[in-house]
Amino acid sequence: MRRLVAILPLALGVLTVVFLLLEVLPGRPFGLEPGTGVRPGAADDLRRIFAADRPLVERYLDWLRGFLTGDLGISFAYRRPVGALISEAAGNTVTLAGLALAMQFLLGTAAGTAAAAADRKSIDRLITGTSSVLYSVPSFWLAVVLVSLVSVRLGWLPVSQMRSLDAAELGPWPRLVDVLRHLVLPCLSLALPAAAGIALYVRDEMRATLARGFIQAARARGTPRAGVVLRHGLAGVLRPVITLFGLAVPGLLGGSVVIEVLFAWPGMGRLAYQAVLSRDEPLVLGCTWVASLAVIASSLAADLLAAAVDPRVREATP
Amino acid sequence: MRGPRLRIAAGPAALVLILLLAAAAPWLAPRPPDLQEDVAGARYLAPFTRAVALQIDADHVRIGTSPRPTAGGWEYTRAGRRERVDATDLPEPPSPRFYLLGTDGLGWDLASRLLYGARHSVGIAALGALLALLLGVGVGSAAGLAGGWADALLMRGVDVLRSVPRLLVYLLCATLFRPSTVLLVLVLGATTWTELARLVRIEMLALRRSDLASAPRASGASPARILGRHLLPQIAPLLVVSAALRFADTVLLESALSLLGLGSPPPAVSLGGLIASGREALAEAWWIVAWPGALISLLVVALRSTASRLVGASDPPSLA
């Protein structure tokens with residue numbers, strides 16, 4: 001409960017920092033050079049219509065009220081409510097990032113466990129070596145290489161976007177397959193380097209766990225090796241992995257900006273990127289707000305999960 | 001016996017090699033990174049291409065591959081066609097060109113561009129990591145040593161900054177100011193120090209009650225002297241390891257930003273910029289994207305393995 005209360009000033013602080021960052025922008029909304037056929041006073045009128053001409057404090061208080069009531073304002077560039085734009089894009093980002101998150105943790109934990117529990121040293125070396133390299137490969141580079149190999153050279157998967165041009169005419173199942181085919185490459189680019197990092201971490205944690213006394217006791221009772229690793233070993237690794245989960249979400253959100261831009265995936269990262277390029281103040285604020293909430297929520301979720309699986313953590317934080 | 005010892009040295013050795021190559025770029029690069037001798041003749045040459053440069057007249061050079069001397073002249077391949085030139089038309093004999101890593105679509109020599117790009121990116125990442133180190137140590141030790149409301153205020157500020165997604169801060173700053181190298185260093189440094197500040201604060205909280213702090217305090221040393229002479233040396237290993245990991249992260253971030261077009265503007269050459277420039281031509285010239293990507297990965301592997309060597313083999317790699 002204390003953690004939940006502590007979130008409010010945090011969220012307020014984030015919103016204030018982003019608002020102030022935007023305020024020191026040298027340009028004003030609609031401040032671009034007017035093209036031909038534009039009335040001289042048009043920019044001023046637009047600012048008045050979008051209420052961007054009021055004093056700083058008044059706009060700040062208005063923002064805060066809007067964010068508390070769920071009204072995120074109107075996008076300057078799209079002329080549509082920011083909330084609607086974000087909820088469309090957020091769904092696409094959750095699809096991509098959620099799948100990547102699940103994939104990186106499953107793959108990473110499996111590979112790390114296999115490396116730590118391997119009978120032969122060569123398997124451990126192979127997994128650890130591959131992971132060290134993969135962990136250091138920039139995800140956008142992986143994206144570029146995968147697209148050129150799988151999409152351009154072999155033509156197996158689409159290059160970018162989320163749906164094919166004729167997707168609207170397809171039935172429900174072919175349409176789902178179409179989206180999944182578009183998902184494979186961005187998801188792999190996002191998940192593989194992170195999975196490699198998790199694999200290295202899990203391997204070290206698992207080795208430390210397997211060296212402990214209760215593991216040997218379980219072995220001495222005659223439990224088969226695989227059972228020991230899967231029941232006792234994984235239980236020991238669970239809490240550190242949950243802590244990683246909280247750390248992984250901000251990285252995933254940042255990484256998805258680059259990947260979404262590269263793959264033209266219609267998600268939050270690309271929306272924010274375009275909003276910044278077009279100086280779309282309400283949209284930038286809205287995106288930052290939602291992304292920060294996701295970061296705060298994920299670290300809270302990691303804390304609560306850690307307390308749920310480990311009684312020592314539960315007792316330490318009343 | 002040989003295996004483990006070799007592996008111990010591989011990370012730091014690769015790191016030192018890359019840093020030396022980057023620092024010595026102006027002396028090692030075979031040509032200036034933006035020398036265009038003959039765009040049509042030199043574009044998209046594969047790695048390990050041997051070619052000749054033929055000085056046609058004062059300001060025209062032809063680059064040709066597979067040259068062959070003929071009776072009274074030279075024959076060579078240029079832009080897919082066999083061409084020939086009479087020896088009498090050449091003021092000088094042909095000079096050899098060797099493109100170790102190939103060329104890009106503008107006829108630029110990639111070995112030279114890779115060296116200069118590494119120099120630029122490593123420099124920016126090192127400065128960014130240094131700035132992060134200074135900020136992290138400054139804020140972290142201030143909070144840890146001051147305690148009370150100052151500590152609470154500083155750490156809540158750190159929490160807020162940690163919750164704003166980094167890439168959005170970069171995006172904001174890139175529109176706020178014109179993209180420039182100085183801005184890039186400032187932004188990279190200013191957004192990556194929070195994790196270190198938390199680490200340093202925890203160490204300082206533990207140290208400030210110890211004899212290490214109370215003994216010099218009793219003898220009248222100033223807080224700055226206590227921090228600099230007595231406490232910071234205690235956490236020096238932690239700082240070195242964090243700096244190396246920060247450095248690795250900053251290399252990755254810098255290249256991602258350059259890829260999005262928010263890094264140093266041209267004519268600066270950066271590793272991410274090189275990847276961006278080869279993206280469109282990947283089908284006909286894989287090497288433009290391959291070299292900088294491989295170099296970034298190698299540098300990051302080397303930094304991380306050096307860091308984990310410093311910590312000791314048992315510590316997990318940081319995912320921060």
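Visitor: In this predicted model, what share of the 318 residues of chain A count as buried?
Guide: The model is a predicted one, and burial here is a matter of counting neighbours, since a residue is buried if 20 or more other C-beta atoms lie within 10 Å of its own. Applied to the 318 residues of chain A, that count gives a buried share of 38%.

Visitor: Is A:Ala307 buried, partly exposed or exposed?
Guide: A:Ala307 belongs to helix 11 of chain A, which covers residues 281-309. A residue needs 20 or more other C-beta atoms within 10 Å to be buried and has 12 or fewer if exposed. Because A:Ala307 has 18 such atoms within 10 Å, it falls in between and is partly exposed.

Visitor: Which residues of helix 4 of chain A make the contact with helix 5 of chain A?
Guide: Helix 4 (residues 82-117) and helix 5 (residues 121-136) of chain A pack at an angle of about 145 degrees, with their axes 7 Å apart, and the crossing is left-handed. On the side of helix 5 of chain A, the contact involves A:Ile123, A:Asp124, A:Ile127, A:Thr128 and A:Ser131, and by class the whole contact has five nonpolar, two polar and one charged residues. From helix 4 of chain A, the residues that make the contact are A:Ala111, A:Ala114 and A:Ala115.

Visitor: How many of the 24 residues of helix 11 of chain B are buried?
Guide: Helix 11 of chain B covers residues 236-259, and at 1.5 Å a residue it should span 34 Å, which agrees with the 34 Å between its end C-alpha atoms. Just after this helix, B:Gly261 takes a positive phi of about 85 degrees. Helix 11 of chain B is largely enclosed by the rest of the structure, because the number of its 24 residues that are buried is 19.

Visitor: In which helix of chain B is confidence lowest?
Guide: The mean pLDDT of chain B is 80, with 93% of its residues at 70 or more. Confidence in chain B is highest in helix 4 (residues 110-146), at a mean of 89. At the other end, with a mean of 71, confidence is lowest in helix 6 (residues 166-176) of chain B.

Terms used:
Residues numbered from 1 in each chain as written. Chains lettered and ligands numbered in written order. Predicted model: local features only at pLDDT ≥ 70, side-chain atom pairs only at ≥ 80, totals over all residues. pLDDT = per-residue confidence, 0-100. Helix = DSSP H or I, 4+ residues; strand = E, 2+ residues; numbered from the N terminus. Expected span 1.5 Å × (residues − 1). Axes fitted to C-alpha atoms, helices over the stretch in contact; angles between N-to-C directions. Left-handed = near helix turned anticlockwise from the far one by under 90°. Contact = placed C-beta atoms within 7 Å. Nonpolar A, V, L, I, M, F, W, Y, C, P; charged D, E, K, R; others polar.
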